[in-house]
Amino acid sequence: MARLSGARYGRAAVWLAAGAYFLVPLACAVAFSVEDPRKGVDFEAYTGMFGADGFTGSLVLTVKVGAATVALVLVLLLPALITVRLTAPRLRTLVELVCLLPLVVPAMALVAGISAVLRWGPDHFAGTPLFDAFVGLQNPDFPGVLVLAYTLMALPLAYRTLDAGLAAIDLRVLVEAARACRASWPRTLVHVVLPNLRGALLNTAFLTLALVFGEYTVAAILGYQPFAVWIVVISGSQAQMSVAASMIGLLVTWVLLLVLAATGRARRTKETS
Amino acid sequence: MTHPLIDRETRTPARTGSTVEFRGLHRAFGSTTALDGLDLAIGPGELVALLGPSGCGKTTALRIVAGFERPDRGEVLVDGADVTRVPAHRRDTGMVFQSYSLFPHLTAVDNVAFGLRMSGVGGAARRARAAGLLELVGLPEHAARFPHQLSGGQQQRVALARALALRPRVLLLDEPLSALDAQVRLTLREEIRRLQQELGITTLFVTHDQEEALSIADRVAVMRAGRLEQCAPPAELYARPATAFVAEFVGVMSRIPGRAGPDGGTVSVLGRTLPVDGTLPGDGEAAGEAGEVDVLVRPEAVEVLADGDGTSRIVSATFLGATTRLTVRLAGGSDVLADVPAHTAAALPVGVTATVRLPDRPVLVARRRGGNSGGRP
């Protein structure tokens, strides 16, 4: 009994320490964002944020780039992983290696390479259609170059989640069963493979979005102003609003996570009822 | 039994079933040869079991019919038309897999209706038909369940219903019972046979279980190393195996050393001369010349008598219910298996000397094999 309660105290201590580690900085940030030396507590940083200069523009840009990145990651990776599993299992190690490579390339190195190419390309291809492509990539309303960079950076995360999802189902048998039921390849993918990868797809999408929402280095150096860059930019003039925006961002991320977990759970209870 | 799915025409198997023909199929995976010139013709409405040890190419042959594998050489004909280049989803075959293959995200009835959905059958019509099929396999009350809520046997029944839903020309069963426990296996295999006969659907059934093959197939095709050894009705396969491999793979067979007679028509074994029933191919010279041969006998044909002066000895006994299987070591050192009625087995305890006798019937003869160790248990 004594040992049992001892274990309980130990567990409580760990919880407390971990909780303090996460919550104290958050609480301080919240306190800072609502502090007003004259009135005591003031929520102006939160209410004023939505009308602040650049808020909407940076958010819309981030959402657009995020959606495009998710789409590109899935379009690139899903067919590749499925094909490798079905027809060339020996290539799996190679694909894994390629997908995990971005982990060891620092964002700084990546962006240095990208800027060099962007500077060199237009000069070299002046007068050819490739010149227009280089210009189009850097369109400030929709910077394709960011989508490409984020896709690269998201590959390791996406590979892990998608591969785990594929490993959890008997892909070959499901595909063959669907084919024997007169489903063509595209319909097999849409009606059998994708529904059984729902959890993995949602996870991939979420992780990729989280990455895009928090990425600063590449966007800042290439001169774009998505949400993360905007937060840093305003921190000089409006420190409280910058922290408030970070808090909102954190809250939205948590809500997304909860929704994700809830959809997974709701599905399971529905099936067992 | 009348059923909405079995209309009058499908009751006459010979009119609706398709023919399937393998012509010189070759398939190699790297250095492994799975099929080495397989030839086999399956008649309309027939159930043919492909039987053989693992790695003999039986599953590869089935997957080639389904369109999941391409042969390196040779062709597959369904109703006389070459389907070798036809993609899997246009083959018009239904397949039940060894592992549970139901779509996890769909209910039983939606699983059965899946093929109809892919063929563009309307919602109400396909649900009605799927419900009918679930009834046919005895699971009408499980329509709304998901695969993980069904037992293994129930899942395979649903998979069977799904395979039958599109009224395929050929039904392919890839060891559908091997993941199930013994009792379910027995009932489901009888049910598969009943349905197959009612629907008159040409069926290929892959199995490594000879009892399964012998009990439900019209003909059993025994395969070995990518080739067909023999394809015959079960009784013929058992009584008149074409090769020594078939003889020993199907059922239990013991080898007793004997000596071929000078005319080749007789063999002297266990002190008596018996007529030779058949000469196994490749063993012709063995039976043709006066030489050392093995006589192949089934355990039920061997008679064992307790005999104090006998030269043989009983070395082990296995109780099988109605009979007891004795292993008898002959004077020459080879073992013979003998099935004796359980009530006479009491007089033949392990360790006693005995005399082994063969009935006065023609026997199968094969070339003498080195290191004779008796029958396959």
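Predicted model: local features only at pLDDT ≥ 70, side-chain atom pairs only at ≥ 80, totals over all residues.

**Two helices in chain A**

Let us begin with helix H3 of chain A, residues 55-87, and helix H4 of chain A, residues 92-100. Their axes come within 10 Å and cross at roughly 155 degrees. Because angles over 145 degrees count as roughly antiparallel, H3(A) is roughly antiparallel to H4(A). On the H3(A) side, the meeting residues are A:Leu77, A:Leu81, A:Val84 and A:Arg85. Facing them from H4(A) are A:Arg92, A:Val95 and A:Cys99. By type, the residues of this contact divide into 5 nonpolar and 2 charged, with no polar ones.

Next come two residues, one from each chain, set side by side in a table.

| Residue | Element | Relative accessible area |
|---|---|---|
| A:Thr151 | helix H7 of chain A (residues 144-167) | 5% |
| B:Gln230 | strand E10 of chain B (residues 227-232) | 9% |

Since buried means under 20% relative accessible area, A:Thr151 counts as buried at 5%, and B:Gln230 is buried at 9%.

What does A:Thr151 contact, leaving aside its neighbours within four places in sequence? The partners are A:Thr69, A:Leu72, A:Val73 and A:Leu76.

B:Gln230, not counting residues up to four places away in sequence, touches B:Val220, B:Ala221, B:Val222, B:Leu237, B:Arg240, B:Pro241, B:Ala242 and B:Val246.

**The nonpolar cores**

Now turn to the largest nonpolar core, which has 62 residues. Which of its residues touch the most other members? They are B:Phe22, B:Phe114 and B:Leu204.

Apart from residues up to four places away in sequence, B:Phe114 touches A:Ala178, A:Cys181, A:Ala183, A:His191 and A:Val192 in chain A, along with B:Phe103 and B:Leu106 in chain B. A second, separate core holds 46 residues, including B:Ala49, B:Val137, B:Leu166 and B:Ala213.

**The domains of chain B**

Finally, step back to view chain B as a whole. Its domain assignment gives domain 1 as 20-239 and domain 2 as 252-367. How far apart do the C-alpha centres of domain 1 and domain 2 of chain B lie? The distance is 39 Å.

Definitions and conventions:
Residues numbered from 1 in each chain as written. Chains lettered and ligands numbered in written order. Heavy atoms only, no water. Axes fitted to C-alpha atoms, helices over the stretch in contact; angles between N-to-C directions. Helix = DSSP H or I, 4+ residues; strand = E, 2+ residues; numbered from the N terminus. Parallel < 35°, antiparallel > 145°, perpendicular 65-115°, else oblique. Contact = heavy atoms within 4.5 Å. Nonpolar A, V, L, I, M, F, W, Y, C, P; charged D, E, K, R; others polar. Domains from an automatic or database assignment. Buried < 20%, exposed > 50% of the residue type's maximum accessible area, 1.4 Å probe, protein only. Core = buried A, V, L, I, M, F, W, Y, C linked by side-chain atoms within 4.5 Å.
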